[in-house]
Amino acid sequence: MADDIFMEVDEEIRAERIRALARRYLVVAGVVVAAVCIGAGGWQYSVSRAHKADAAVSAAYFTAMQDAARPPDATGADTGLTTRQKKGLQELEAIDAKARPPLRVLERMERAALLAESGSMSAALGLWDGVSQEHAVDPTIAALASLLWVQHQIDGGDPATLRSRLAVLDGAGQPWRGQAIEAEALLDLRTGRPADARAKFERLAMDMTIADGVRSRAEAMLQTLGGDAGG
């Protein structure tokens with residue numbers, strides 16, 4: 001059940017990573033252009049070389065992302081990777097040492113998702129945990145990494161540890177608040193607290209500030225539990 005829910009969440013997360021990449025690299029591109037325009041001599045040459053190196057790594061990243069993308073006609077039922085996705089995973093790993101933040105962070109997030117899909121969960125958890133602990137990472141991406149670390153352990157991770165992580169993510173103003181509360185509700189079900197789970201799903205179903213997908217899943221869970229989505 002949790003796997004089906006988080007499969008839907010993956011699409012929302014992938015879209016957010018793409019938006020974050022676009023926002024950041026538009027800024028980076030503007031800074032580089034400005035530096036080249038006003039620079040001179042050795043400084044201008046250094047900036048130009050750095051820009052070319054970054055451009056090459058960025059191109060390699062987008063190629064890897066294209067290879068890593070699941071084919072449109074794939075059902076998602078098979079947990080293994082396609083041959084092309086495996087190639088994308090190798091390409092992402094190859095640019096890890098060359099990429100600079102935020103591209104390196106996004107590369108690790110995508111690589112973790114592919115590793116999880118291929119069954120290498122320990123490696124995926126290690127990457128998500130590392131991103132969540134990096135001080136220089138954008139708070140939204142760090143929170144996302146922590147959320148994914150929790151989500152992929154809902155069925156078997158230590159409940160106290162998972163709740164401790166989620167407590168940081170479920171507060172007002174947190175970017176992944178709805179998904180964190182959703183994970184807490186699933187954890188409640190796992191640990192034999194259906195009343196607490198139902199209360200959380202009811203909150204989510206009525207909260208118009210969170211993503212539509214979260215609300216829809218909460219309403220579906222309430223129907224499964226015999227609750228009333230309308231309160």
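Helices (H or I, at least four residues) and strands (E, at least two) are DSSP runs, numbered from the N terminus. This is a predicted model, in which local features need pLDDT of at least 70 and side-chain atom pairs count only at pLDDT 80 or more, while totals for chains, interfaces and linings use all residues. Residues are numbered from 1 along each chain as its sequence is written, and side-chain values use heavy atoms, with hydrogens and water left out.

On that basis the protein chain has 10 helices and 0 strands, so that its pattern along the sequence reads α-α-α-α-α-α-α-α-α-α. Of its 231 residues, 40% are buried, where buried means under 20% relative accessible area, exposed over 50%, and partly exposed in between (1.4 Å probe, protein chains only). Among the contacts in the protein chain with a separation of 6 or more, 55% are between residues 24 or more positions apart, a contact being heavy atoms within 4.5 Å.

Leu81 lies in the loop between α2 (41–68) and α3 (83–94), and with a relative accessible area of 13% Leu81 is buried. Leaving aside residues up to four places away in sequence, Leu81 touches Lys86, Leu89, Leu114, Glu117 and Ser118. Between Leu81 and Arg70, which are 11 residues apart in sequence, the C-alpha to C-alpha distance is 8.3 Å.

Next comes a pair of helices, α4 (residues 103–118) and α5 (residues 121–133), whose axes come within 8 Å and cross at roughly 155°; axes here are lines fitted to C-alpha atoms, for helices over the stretch in contact, and angles run from 0 to 180 degrees between N-to-C directions. Because angles over 145 degrees count as roughly antiparallel, α4 and α5 are roughly antiparallel to each other. From α4, residues including Val105, Met109, Ala112 and Leu115 take part in the contact, and those they face in α5 include Met121, Leu127, Trp128 and Val131. The residues of this contact divide into 12 nonpolar, no polar and 2 charged, with Ala, Val, Leu, Ile, Met, Phe, Trp, Tyr, Cys and Pro counted as nonpolar, Asp, Glu, Lys and Arg as charged, and the others, Gly among them, as polar.

Conventions:
Angles under 35 degrees count as roughly parallel, over 145 as roughly antiparallel, 65 to 115 as roughly perpendicular and the rest as oblique.
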